[in-house]
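Biologist: Could you take me through the side-chain contacts, with the criterion behind each label?

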Amino acid sequence: MTKASYYTPRGGLPPQTDLLTDRAIVTEAYTVIPRGVLSDIVTSVFPEWTDTRAWIINRPVAGGATTYYQAIVEVKPGGGAQRPEPQPEVQSFLFVTSGALTVNAAGQSQTLTEGGFAYLPAGTDWSAHNNGDVDATFVWIRKRYEAIEGHPVSVKFGNEQDIEPSAMPGTDGKWRTTRMLDPQDLGYDMHVNIVTFEPGATIPFAETHVMEHGLLMLEGKAVYHLNGDWVEVQEGDFLSLRAFCPQACYAGGPSNFRYLLYKDVNRQIML
């Protein structure tokens, strides 16, 4: 089996000789943030964290995806936060792409390495620190939790490499999904998955549905068809798709194409 790969940005600045032309675009249906945008001068710092910087790649804004926040967070050795989450009504999902991050929550302590994840329900008292000697980088997805009676959720730790992916019907496993949160558990109001396409595999129709999507490319490259536009993506790029944005893709190879997927699920639409 091919070893999983997780693209991790390292910052820096493009040389002065580079052209200004890039693939970044914001439309009424989708946003493309190519990996070249993730430079030193677009990082943010958080008052709750020490020796940490972040690339915030989605926040709720008018005309954009409004259900979630997503950031790529880099923690230096010795850095971290004792109380990372300033809003008790917000749940978190952490996914490590490099290094090791130690997370303490609900009386449990886990050191997450590449592919490791933590689901932290709203109201959880948790902390995160880099106790290693190299940078730790993780994806942080935050969403205001919509609770429903009779379906509690709890802290969950794991690693996507230990989960058997599910093949999409009729694809011979060339399009498969690794589900880190149980899709049958209605307590979750979001799903976070790893989607894998082998070279040449496709989403063969324009999916057009109510869920917002955040797609962070972990490995490989592909061409997406978004709201009538053809968009090339590669590892390190990010797509934010509004509700009902038509989407289809095919994987370009030579390696597998993999991305981390967020989407909002399992709740009635409030009017």
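Modeller: Here are some ring and charge contacts, each set against its definition. This is a predicted model, where local features need pLDDT of at least 70, side-chain atom pairs count only at pLDDT 80 or more, and totals for chains, interfaces and linings use all residues. Residues are numbered from 1 along each chain as its sequence is written, and side-chain values use heavy atoms, with hydrogens and water left out.

Biologist: Happy with that! Why are Trp-175 and Phe-197 called stacked?

Modeller: Rings of Phe, Tyr and Trp (its six-membered ring) pair if their centres lie within 6.5 Å, and planes under 30 degrees apart count as stacked, over 60 as edge-to-face and the rest as tilted. Trp-175 and Phe-197 have 5.3 Å centre to centre and 25° between the planes, so they count as a stacked pair.

Biologist: What makes Trp-175 count as buried?

Modeller: Buried means under 20% relative accessible area, exposed over 50%, and partly exposed in between (1.4 Å probe, protein chains only). Trp-175 has 11% relative accessibility, so the residue counts as buried; Phe-197, at 0%, is buried too.

Biologist: How do you know that Glu-74 and Arg-53 form a salt bridge?

Modeller: The term asks for a side-chain nitrogen of Lys or Arg within 4 Å of a carboxyl oxygen of Asp or Glu. The closest N and O atoms of Glu-74 and Arg-53 are 2.8 Å apart, so the pair qualifies. Both residues are buried.

Biologist: Why is Arg-142 said to sit over the ring of Tyr-69?

Modeller: The rule wants NZ of Lys or CZ of Arg within 6 Å of the ring centre and within 35 degrees of the ring normal. The charged end of Arg-142 is 4.8 Å from the centre of the Tyr-69 ring and sits over that ring.
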